[in-house]
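This briefing goes through one protein model for a reader new to structures. Keep the sequence and the 3D view open while reading.

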Amino acid sequence: MHTQTQEESSQANAGYGPESGTRWFGLWDGYFAISYLVTTILLFTSGGAEEHRAVAVGALTLIVPWYAGLGRRLMIHRTAGRRNVVFAVGLFVLFAVAGTADLAGSFALFAVVPMLMMSLPMPPAIVLVMLANLWPVTVVWLRGGDFDPHILSVLPTSLLGIALSVLLGLWITRVVQQSMDRGDLINELRRSRERVARLSHEAGISAERERLAREIHDTLAQGLTSIISLVQVAESEVVESPDRALAHLGLAGRVAKESLAEARGFVAALTPPALRESSLVQAVGRQARLLTAETGLEVRCRSEGEERPLPMAVSVVLLRSVQEAFANVRRHAGTARTVEVLVAYADDSVRLVIGDDGEGFDPDGERGGFGLRGMRARVEEISGAASVDSRPGAGTVIEVTVPLGPVAGEPAGAGAT
C-alpha cells in the first residue's frame, strides 16, 4: 500500500501516468539515438578537414549526456523554469559548434528541433528553432565573405526547415498534451476502479452482516426464545404438575438440540438441518407440530399443486419465512386459536401463505420489529415478493411468492446457507 501511494504521488507530480510518460518517451530516445548515429556517419563521410570533423563529432557526442542527464527529465515532467532555459541554450550552443565545425553536423537539426520544442514553451522554442535552421546559412555566409552564391541554394532549404520545424513543434506539443491527458485519464480510471472496488467490498460486508443478523434472528434467537418460554412454563408447573413440567423440559431440550444443530450448520455454512433429508412441505410440517406442542394452537398445513424439489436458496427462504411467521404468532397472536399454512406449487412459482386468527396489528405502524423487514429483504434477494395483510382484531396473513425461472435459479454454492 505504501509503495502504491508513492507511485501514484510521483505520477501526480509528473502530471501523467506511466503509459503516457516513460513508456512513450522511449520512442523519442530511439529517435534521438538514430539521429545522432546518422549525423555522425555523415560527418565521417563528409570529406571535411579531420580536425573540424573531430570537433563536430565531439560537440554532438556532448549532446548525448547533456540530454540524458538534464533534458530528458525536463521533457518527461514538462516543467518550466531556469533549468529548461539552461538546457535549451546549451543544446543550441553544442549544435552551433558542430554545424560551424562541419556543415554536415547541421543534420542534427532532426534531433535538436524536437528537443527544443519539448523543453521550452512554444514562443521561445520557435525563436530558437528559427535560429537553429538559419545557422547553416549563417555559417555559409561567414565562410564566403560578403556574398556567396552558395547561400542562395542553402537559404530555401533553411526556410523550408523553419516551416517544417514549426509544424513539427506544433505536432509534438499536441502529441505530448494528448499523452498527458491520456495519462490523467488512466490515473482517474484507476482511482475510480479502486473506489468502486472499495465500495463494493464495503457493500458486500454490509450485506453479509445483514444476512448474518437475519440468520441469527431466525434461528438462534427464536430457538432461545422458545427454550426460555418452555423453561418458564415448566417452573410454574413443577410443583402442581410434575409430569407436565417434565414434558415441557423435554420439549425445551429438543428445541435446544435443534438450535444447536442450526448453529453448527450456520457456522459451517451448510444446509439448514430441517431441509437436509426432507422436502419443504415436510420441514414446514415439523415446524407446525413444534408450534402446536409449544403453544397448544391448532396448526393446519396443506399443499397445492405437484410437489417437486426446489432450489435450495428458495427452500431456505420459504422455511425461514415460516419460522418468522410462527415466531410472530408466539409473541403477538394473543387470542389466536388456529394457524393455517399453505404451500402452493405452480409451473413457474411457489407460494407460501401463513394466516392466524389472532389479535392482528397495523403493518404501517410496525416500526420496532426486525423480523418482518428481514423476511422481506431475504425474499427480495431471490427476486420474490412478500406481503403482510393485518389489522387490529382481524388476524394476520403473510404471503410469500417466489419465481422458479432463471431469476430464482440456484447459483453455484446455493446449497449452503
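**A residue in a loop**

S383 is partly exposed, with a relative accessible area of 38%. The model is a predicted one. S383 sits in the loop between α11 (370–381) and β4, and has a positive phi of about 65° although it is not a glycine. Most residues other than glycine have a negative phi.

**The protein as a whole**

- The secondary structure comes to 11 helices and five strands.
- Of the 417 residues of the protein, 40% count as buried.
- Among contacts with a separation of 6 or more, 72% are between residues 24 or more positions apart.

**The sheet**

- Five strands form an open sheet in the order β1-β2-β3-β5-β4, and the pairing is mixed.
- β1 (298–304) and β4 are the edge strands, as each pairs on one side only.
- From one strand to the next, the twist averages 10°.

- β5 covers residues 396–403, and its side chains alternate between two faces.
- On one face of β5 are T396, I398, V400 and V402, which are buried.
- β3 (residues 349–356) pairs with β5 in the antiparallel sense over eight bridges, and the bridge partner of L352 in β5 is V400.
- β4 (residues 385–390) also pairs with β5 in the antiparallel sense, over six bridges.
- What do β4 and β5 form with five residues between them? They form a hairpin, and G393 in its turn has a positive phi of about 85°.

**Helices at the sheet**

- Helix α9 (residues 280–295) lies across β1 and β2 (338–345), and runs at about 170° to β1.
- Helix α10 (residues 312–332) packs on the sheet, where it touches β1, β2, β3 and β5.
- The direction of α10 makes about 5° with that of β3.

**The pair α4 and α5**

- Two packed helices are described by the angle between their axes and the distance between the axes.
- The axes of α4 (residues 82–101) and α5 (residues 109–119) come within 10 Å and cross at roughly 165°.
- The crossing in which α4 passes α5 is left-handed.
- From α4, the contact is made by N84, F87, A88, L91 and F95.
- From α5, the contact is made by L109, V112, M115, L116 and S119.
- Sorted by class, the contact of α4 with α5 has eight nonpolar and two polar residues, and no charged ones.
- An α-helix has 3.6 residues a turn, so residues three or four places apart point the same way.
- Is α5 mostly covered or mostly uncovered? α5 is mostly covered, with 10 of its 11 residues buried.
- The buried residues of α5 are L109, A111, V112, V113, P114, M115, L116, M117, M118 and S119.

Key
Residues are numbered from 1 along each chain as its sequence is written. This is a predicted model: local features need pLDDT of at least 70, side-chain atom pairs count only at pLDDT 80 or more; totals for chains, interfaces and linings use all residues. Side-chain values use heavy atoms; hydrogens and water are left out. Axes are lines fitted to C-alpha atoms, for helices over the stretch in contact, and angles run from 0 to 180 degrees between N-to-C directions. Helices (H or I, at least four residues) and strands (E, at least two) are DSSP runs, numbered from the N terminus. A crossing is left-handed if the near helix is turned anticlockwise from the far one by less than a right angle, and right-handed if clockwise. Contact means heavy atoms within 4.5 Å. Ala, Val, Leu, Ile, Met, Phe, Trp, Tyr, Cys and Pro count as nonpolar, Asp, Glu, Lys and Arg as charged, and the others, Gly among them, as polar. Buried means under 20% relative accessible area, exposed over 50%, partly exposed in between (1.4 Å probe, protein chains only). Two strands pair if DSSP finds at least two bridges between them.
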